[in-house]
Amino acid sequence: MDIDTTAVNQRRHRFGEHEQVWLFGYGSLIFKADFAYLERKPASIRGHVRRFWQGSHDHRGTPACPGRVVTLAPQAGATCAGMAYLIRPDVFDHLDHREKNGYLRFSTTLAFDDGSQAQGLVYIADPENAAYLGPATDSEIARQIAAAIGPSGRNRDYLTELADALSELGTTDLHVQALVACLPPDSSTDTTDITDSR
Ligand code: BEZ
């Protein structure tokens, strides 16, 4: 289910003489900034909500046991908070590869917490892409996340790291909080002493 959007993304935007571009991050870009940036600051975009509706066969799951990662879904009147990065256009070579499993770059307006605005880009995996999983109940999504692991690590760690990063940003995301609450206990941190039979 690797559909590789790298080449499509590289044709989507011409940066011309723009030496810097704002990129809005609402998922792993918030807590895993493995790229060079000139500046970063909290921001939000309007008209979208963060949802664990995209399948991950390449990072947090496998083709046999896909995980779930976030994408943005349109919702009138909504605001999605995240982190904005000011980057040089050549950084997209790395990011397009990292986010190649169904994400396309779209133009958007970023609203910074200081009240200013800027045009920028955001990666969104829309329902047309082959890795899209779509809505499910919180308990079904959490069950799938708890079962999945991929080359970038456990899917449950992606969820809890995102929840921690959003809490550090002072953002309440009810969808993310509901999924954390539905996660089954983490067996790798079980400290029960099985040698003590008394
Ligand atoms: C983000 O954190 O903005 C992001 C999430 C998934 C894919 C690409 C970017």
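**Exercise 1. Find the backbone contacts of the ligand.**

Solution. Start with Tyr26: a polar backbone atom of this residue is 2.9 Å from an oxygen atom of the ligand. The model is predicted, so treat each distance as a computed value. Next comes Gly27. A polar backbone atom of Gly27 is 2.6 Å from an oxygen atom of the ligand. Then take Leu29. Its backbone N or O atom lies 2.9 Å from a ligand oxygen. Check each distance against the cut-off for a polar contact, within 3.5 Å.

**Exercise 2. Describe the place where the ligand sits.**

Solution. First, identify the space: the ligand takes up the largest pocket. Third, list the neighbours. Phe24, Gly25, Tyr26, Gly27, Ser28, Leu29, Val70, Glu99, Tyr103 and Tyr123 surround the ligand. Fourth, sort the shell by class. It has six nonpolar residues, three polar ones and one charged one.

**Exercise 3. Decide whether Gln144 is buried or exposed, and find a partner for its side chain.**

Solution. Locate the residue first: Gln144 belongs to helix H4 (residues 138-147). Now use the cut-off: buried means under 20% relative accessible area. Gln144 has 15% relative accessibility, so it counts as buried. Finally, follow the side chain. It makes a polar contact with the side chain of Arg68, at 2.9 Å.

Methods. Residues are numbered from 1 along each chain as its sequence is written. This is a predicted model: local features need pLDDT of at least 70, side-chain atom pairs count only at pLDDT 80 or more; totals for chains, interfaces and linings use all residues. Side-chain values use heavy atoms; hydrogens and water are left out. A residue is near a molecule or strand if one of its heavy atoms lies within 4 Å of it. A polar contact is a pair of N or O atoms within 3.5 Å; within protein, one must be able to donate a hydrogen and the other to accept it, and residues adjacent in sequence count only if both atoms are side-chain atoms. On a 1 Å grid over the protein atoms alone, a cavity is a set of points where a 1.4 Å probe fits but cannot get out, and a pocket is an open set with protein on both sides within 12 Å along at least five of seven lines; lining residues have an atom within 4 Å of a point. A molecule sits in a cavity or pocket if more than half of its atoms lie within 2 Å of its grid points. Ala, Val, Leu, Ile, Met, Phe, Trp, Tyr, Cys and Pro count as nonpolar, Asp, Glu, Lys and Arg as charged, and the others, Gly among them, as polar. Helices (H or I, at least four residues) and strands (E, at least two) are DSSP runs, numbered from the N terminus. Buried means under 20% relative accessible area, exposed over 50%, partly exposed in between (1.4 Å probe, protein chains only).
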